[in-house]
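Welcome! Please take a moment to look over the sequence and the model below, and then we will walk through some of its details together.

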Amino acid sequence: MVTLFTLSSSSSTFLFPTQRTKLSTTLTHFSSLPKTPTHLKKPVLAVTSLSSPLQCDPSLPPAVQTFWQWLRDEGVVTAKSPAAKPALVPEGMGLVAHRNIGKNEVVLEVPKRLWINPDAVSGSEIGNVCSGLKPWVSVALFLLREKYRDDSKWRLYLDILPESTNSTVFWSEEELDELQGTQLLSTTMGVKEYVQSEFLKVEEEIILPNKQLFPSPITLDDFFWAFGILRSRAFSRLRGQNLVLIPLADLINHSSSITTEEHAWEIKGAAGLFSWDYLFSIRSPVALKAGEQVFIQYDINKSNAEFALDYGFIDSSNANRDAFTLTLEISESDPFYGDKLDIAESNGLGTTAYFDIFLDRSLPPALIPYLRLVALGGTDAFLLESIFRNTIWGHLELPVSPANEELICRVVREACKSALSAYPTTIEEDEKLKESKLDPRLEIAVGIRHGEKKVLQHIDGIFKDRESELRQLEYYQERRLKDLGLCGELEDIIFWEPK
């Protein structure tokens with residue numbers, strides 16, 4: 001019996017910095033860690049004075065005040081800029097407007113000389129030994145080396161970085177138990193294995209042979225810290241930058257109320273009294289009054305699972321972030337494996353295809369055709385012949401045969417039921433828990449598993465409705481006969497396409 005498809009996580013493709021999820025064409029921000037989701041309550045600020053743009057709130061930790069002074073010394077903080085300053089907010093630390101800010105007005109600008117990115121690594125003492133590494137690995141090593149150097153250019157910035165985040169890669173075994181049955185659990189374990197593997201390799205090839213460049217021992221925990229910092233705070237998609245840490249800018253928190261990612265640019269401008277440089281410029285997506293927190297949208301297309309893994313929180317106010325990934329595959333034991341693979345590759349897919357299903361969104365356009373292709377067999381196999389090769393995908397966008405359509409409905413529904421049975425709690429139990437005040441990590445776990453279950457029920461409902469319509473559909477043979485004028489018009493025909 002050929003397995004039609006499996007449901008699994010895609011941890012092997014969910015690795016930093018390359019992600020399976022489509023990236024925005026504008027800048028994507030992997031921001032600072034909020035302690036609680038930003039949508040839960042309005043900011044309550046512990047700010048004694050917002051009058052002077054040069055002064056930092058004296059109630060902030062000394063490290064933050066020293067960091068602010070460093071920005072003043074570097075010319076980032078002047079009497080005119082930035083328009084916002086660090087402050088204590090419900091999320092932990094954020095940026096708050098010290099004056100009214102108009103929509104699309106510049107909030108801050110940070111010169112390129114202060115960025116931490118692959119270019120900074122290349123120009124450093126470890127540039128040569130890191131030249132062949134993955135960009136994120138080289139930046140992670142650079143970050144760790146600078147962290148343990150008292151004379152680091154970024155010393156005062158590094159001092160304000162958190163020691164950990166609520167990302168699931170830092171959860172204990174007991175905390176991870178709350179993710180049983182979820183795709184996020186297997187994804188998290190896959191990412192942890194990947195990071196450990198990268199560390200062991202770079203330790204053997206780079207760190208140990210070059211102890212003079214890495215005077216302080218670098219442990220696996222150190223490497224995970226750097227990974228977490230990059231995952232949660234780095235910006236990307238900036239003039240080809242794969243990832244870049246930008247001091248001050250990474251204090252800006254996320255809000256689901258911001259519906260655009262058009263907020264950051266790289267421009268060329270004054271970076272000091274007599275110097276010019278490329279600047280990272282952030283503009284406020286909305287108008288703000290003095291005392292209000294500056295927010296941006298981290299990534300419109302990310303699921304809550306990705307938010308939990310990257311930033312350590314979920315956007316529970318937005319049901320469209322609840323997702324489940326269907327992993328479909330053409331079995332190598334399929335007698336038509338070669339033909340099916342050729343057709344899949346001709347349409348931008350492969351032996352395995354991943355489809356992210358989001359709650360309250362339409363099914364991915366290629367999902368149903370791919371399902372029909374994987375299930376194709378028996379008397380329908382004639383469609384795999386070379387004569388149909390240039391047109392078969394068009395045929396697969398419509399029902400092929402009752403047997404083919406019934407098979408995909410039955411197997412999808414069985415897979416959904418199997419996935420739902422793997423969770424240790426019911427959706428009703430999760431809903432009751434969500435009404436309680438939970439530990440931040442337990443809140444994430446409950447939100448993730450509740451969201452996955454809702455999406456699985458959504459998928460099951462779609463194919464359940466589909467099963468009830470099978471007799472009313474028009475299939476390939478009927479369409480072909482009609483095209484040849486060999487049968488009359490049928491009444492009550494339904495052309496079922498992805499909803």
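## Before we start

A residue is called buried when its relative accessible area is under 20%, exposed when that area is over 50%, and partly exposed in between. Keep in mind as you read that this is a predicted model.

Let us begin with K417, whose relative accessibility is 44%, so it counts as partly exposed. K417 forms a salt bridge with D460, and their closest N and O atoms are 3.4 Å apart. This pair links distant parts of the chain, with K417 in helix α12 and D460 in helix α14, 43 residues apart. D460 has a relative accessibility of 15%, so it counts as buried.

D460 also forms a salt bridge with R413, and here the closest N and O atoms are 2.8 Å apart. Again the pair links distant parts of the chain: R413 belongs to helix α12, which covers residues 402-421, while D460 is in helix α14, and 47 residues separate the two. Both R413 and D460 are buried.

How many salt bridges does the structure hold? The count is 29. In general, side chains of opposite charge can pair when their charged atoms come close. One of these bridges is between the side chains of K302 and D310, at 2.4 Å from N to O. Both K302 and D310 are buried.

## A charged patch on the surface

Now turn to the outside of the model. E428, E429, E431 and E435 gather there in a patch of negative charge. Within this group, E435 is found in the loop between α13 (427-434) and α14 (440-468). Is E435 buried or exposed? Its relative accessibility is 69%, so E435 counts as exposed.

## A hairpin of two strands

Next, find strand β3, residues 84-89, and follow the chain into β4. The two strands form a hairpin with two residues between them. They run antiparallel, and six bridges join β3 to β4. Where they pair, P86 stands opposite L95 in β4. In a regular strand, side chains alternate between the two faces of the sheet.

How many residues of strand β4 are buried? Six of the six are, so this strand, residues 92-97, is largely enclosed by the rest of the structure.

Some places in the backbone deserve a second look. Most residues other than glycine have a negative phi, and most peptide bonds are trans. The peptide bond from S81 to P82, however, is cis, with omega near 0°. P82 lies in the loop between α1 (62-73) and β3.

L248 is not a glycine, yet it has a positive phi of about 75°. You can find L248 in the loop between β6 (235-236) and β7 (253-254). Its relative accessibility is 0%, so L248 counts as buried. D360, another residue other than glycine, has a positive phi near 65°. D360 sits in the loop between β12 (352-358) and α10 (367-375). Its relative accessibility is 58%, so D360 counts as exposed.

## Two loops around α9

Helix α9 (337-346) makes a handy landmark for the last stop. I330 is found in the loop between β11 (323-329) and α9. With a relative accessibility of 3%, I330 counts as buried. The C-alpha atoms of I330 and L341 are separated by 7.3 Å, and the two residues are 11 residues apart along the chain.

What is the relative accessible area of G348? It is 66%, so G348 is exposed. G348 and A366 lie 18 residues apart along the chain, and their C-alpha atoms are separated by 9.6 Å.

Note on methods: Residues numbered from 1 in each chain as written. Predicted model: local features only at pLDDT ≥ 70, side-chain atom pairs only at ≥ 80, totals over all residues. Heavy atoms only, no water. Patch = residues over 30% accessible without salt bridge, like charges linked within 9 Å, V, L, I, M, F, W, Y side chains within 5 Å. Areas by Shrake-Rupley, 256 points an atom, 1.4 Å probe, with all protein chains shown as cover. Salt bridge = Lys/Arg side-chain N within 4 Å of Asp/Glu carboxyl O. Lys, Arg positive; Asp, Glu negative; His and termini not counted. Charge placed at Lys NZ, Arg CZ, Asp CG, Glu CD. Helix = DSSP H or I, 4+ residues; strand = E, 2+ residues; numbered from the N terminus. Buried < 20%, exposed > 50% of the residue type's maximum accessible area, 1.4 Å probe, protein only. Pairing = 2+ DSSP bridges.
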